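Subject: Structure handover

Hello,

Please find the structure below, followed by notes on what was found in it.

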Amino acid sequence: MLDTLDLSVSLDKDTYRSQMQALMIQLRSLQNACWEQGLTVVLVLEGWAAAGKGNLVKKLANCMDPRGFAVYPILEPSDLEKQYPFLWRFWQKLPPTGNIGVFYHSWYTHVLEDRLFERVEGDQVLSRMRQINAFERQLTDDGVAIAKFWVHLSKPELKSRLKKYAKDPLDAWRVRPEDWKQQKKYHEYTALAEDMFIHTSTGPAPWTLVEGDCQRWARVKVLSHVAALMTEMLDRRQVAPPPIQLPPQSHLDPTEPNVLARVDLSRSLSEDEYKHQLKTEQIRLRKLQLKIHKHQIPVLAIFEGWDASGKGGAIKRLTDTLDPRSYSVQPFAAPTDEEKARQYLWRFWRKLPTAGTIGIFDRSWYGRVLVERVEGFATDAEWRRAYKEINEFESQLVIAGYVLLKFWLHISPEEQLQRFQDREKDPFKQHKLTEEDWRNRDRWPLYEVAVNQALQRTHTPMAPWHSIAANDKYYARVTILQTFSNAVEQALDSL
């Protein structure tokens with residue numbers, strides 16, 4: 001693949017100046033259009049050391065308004081970043097709507113340099129490339145334009161540039177020991193790059209291979225492709241028809257399983273049984289928290305359920321005896337303007353617990369296929385593809401070592417009505433009952449369909465759902481504690 005590139009191609013200075021001047025004007029105009037139309041652009045620059053990527057970024061930055069343009073140089077992950085799934089640090093840097101972000105090196109470091117220097121296990125490479133493909137597809141499905149460039153050098157040119165930089169007092173710091181190792185293992189590194197192209201050059205995010213021996217040629221080729229991509233994506237936005245919104249589905253298809261109907265809502269505990277079992281399970285969990293910290297296991301429990309199903313009470317019993325320094329509770333409501341400016345999973349990636357701690361999410365990414373679906377906040381295309389996006393996200397967490405628990409607290413409509421009425425009478429709980437709660441109750445059949453489909457389509461071997469009978473709060477709280485501890489013990493046993 002790379003051996004088919006003609007590395008002898010070049011541009012003379014006059015032609016280069018003429019083309020660059022036109023490109024700089026075009027790109028500045030396109031940046032304004034991206035801002036006006038809300039087109040986010042992500043540029044990925046990979047290639048050999050000393051391939052001229054830094055000068056290329058500088059040229060691009062010179063023609064851009066810095067208020068909507070950012071460069072993210074990707075270095076070795078910090079100790080904090082190493083405590084998360086490997087894509088976590090890249091999710092943090094995603095540019096907001098209408099902005100341009102340049103990743104100078106990127107997530108591909110994990111399947112290139114890390115692979116060359118055996119910093120990543122061989123059996124992890126394909127998994128990481130699949131995760132990268134999912135990451136990029138999720139962004140492009142959300143309307144982000146992605147351009148990926150590999151700037152290629154011949155072996156003699158690479159060696160020559162490294163020597164030149166190493167002799168220059170102003171540039172010597174840029175030459176790393178790893179760069180010389182790249183040059184020494186030129187053919188091996190080339191083979192790894194070609195393997196990467198095969199597995200990660202996709203329809204939504206293809207690779208562009210750039211002849212880099214002539215830096216003038218490389219700059220013009222990269223910037224021309226960037227301008228062409230931005231123009232194409234902006235044109236698509238102008239001609240795209242408005243999304244068609246189908247009416248909410250109020251009845252479950254008879255061919256689909258009714259997951260909620262299988263939950264035995266008659267399950268209950270007496271008050272004495274509850275007090276005894278609750279104390280036993282809380283002591284058990286407190287001991288497990290020490291082991292979670294010792295073995296640096298990240299644990300994440302997400303709570304979904306009907307309004308007034310007891311999520312808050314269950315979370316309180318879960319955390320009552322835990323050391324607050326090693327757990328966090330994250331409530332999620334409607335997304336903020338900052339969160340709306342990025343792919344919807346972004347706000348959940350930001351709040352993931354670190355290794356050795358427990359994270360508890362009160363509501364979660366399932367809002368995309370529940371409230372956002374029913375209330376029309378997400379288009380049909382958005383919530384329909386979200387099942388796959390959610391399954392990919394959760395599998396990445398489990399692969400990264402997370403113990404992931406998903407709880408759905410199920411109650412009957414009659415029990416919900418009783419709890420609403422009790423809240424109305426209780427001055428200490430009246431604030432928990434809103435007009436929105438009553439409106440959602442009126443739409444119970446719509447939500448019931450959405451919940452059933454969400455549970456059925458995202459119940460996977462890696463991330464199963466735990467549907468909890470919650471008509472009896474005592475039973476629900478104890479069952480959640482038992483399920484939580486069982487999952488942690490199973491993870492500890494597998495170490």
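This is a predicted model.

H10 itself covers residues 271-294, which is 24 residues. From first C-alpha to last, H10 reaches 35 Å, close to the 34 Å expected at 1.5 Å a residue. The buried residues of H10 are Tyr274, Leu278, Glu281, Gln282, Arg284, Leu285, Leu288, Gln289 and Ile292. What covers them? The cover includes strands E6 (299-305), E7 (327-331) and E8 (358-362), along with helices H11 (311-319) and H19 (473-493).

Two helix pairs involving H19 are worth a look.

On the H10 side, the contact is made by Glu271, Tyr274, Gln277, Leu278, Glu281, Gln282, Arg284, Leu285, Leu288, Lys291 and Ile292. On the H19 side, the residues are Tyr474, Arg477, Val478, Leu481, Gln482, Phe484, Ser485, Asn486, Val488, Glu489 and Leu492. By class, the residues of this contact between H10 and H19 are eleven nonpolar, five polar and six charged.

The second pair is H11 with H19. Here the axes are 9 Å apart and the packing angle is about 50°. H11 and H19 are therefore oblique to each other. The crossing of H11 and H19 is right-handed. H11 contributes Gly313, Ala314, Arg317 and Leu318 to the contact, and H19 contributes Arg477, Ile480, Leu481 and Phe484. The contact of H11 with H19 has five nonpolar residues, one polar and two charged.

Ser326 sits in the loop between H11 and E7. Is Ser326 buried or exposed? Its relative accessibility is 16%, and buried means under 20%, so Ser326 counts as buried. Leaving aside neighbours within four places in sequence, Ser326 is in contact with Gln289, Thr357 and Ile358. Of these, Gln289 is one of the buried residues of H10, and strand E8 covers residues 358-362.

Regards

Technical notes: Residues are numbered from 1 along each chain as its sequence is written. This is a predicted model: local features need pLDDT of at least 70, side-chain atom pairs count only at pLDDT 80 or more; totals for chains, interfaces and linings use all residues. Side-chain values use heavy atoms; hydrogens and water are left out. Helices (H or I, at least four residues) and strands (E, at least two) are DSSP runs, numbered from the N terminus. The expected span of a helix is 1.5 Å times one less than its number of residues. Buried means under 20% relative accessible area, exposed over 50%, partly exposed in between (1.4 Å probe, protein chains only). Contact means heavy atoms within 4.5 Å. Ala, Val, Leu, Ile, Met, Phe, Trp, Tyr, Cys and Pro count as nonpolar, Asp, Glu, Lys and Arg as charged, and the others, Gly among them, as polar. Axes are lines fitted to C-alpha atoms, for helices over the stretch in contact, and angles run from 0 to 180 degrees between N-to-C directions. Angles under 35 degrees count as roughly parallel, over 145 as roughly antiparallel, 65 to 115 as roughly perpendicular and the rest as oblique. A crossing is left-handed if the near helix is turned anticlockwise from the far one by less than a right angle, and right-handed if clockwise.
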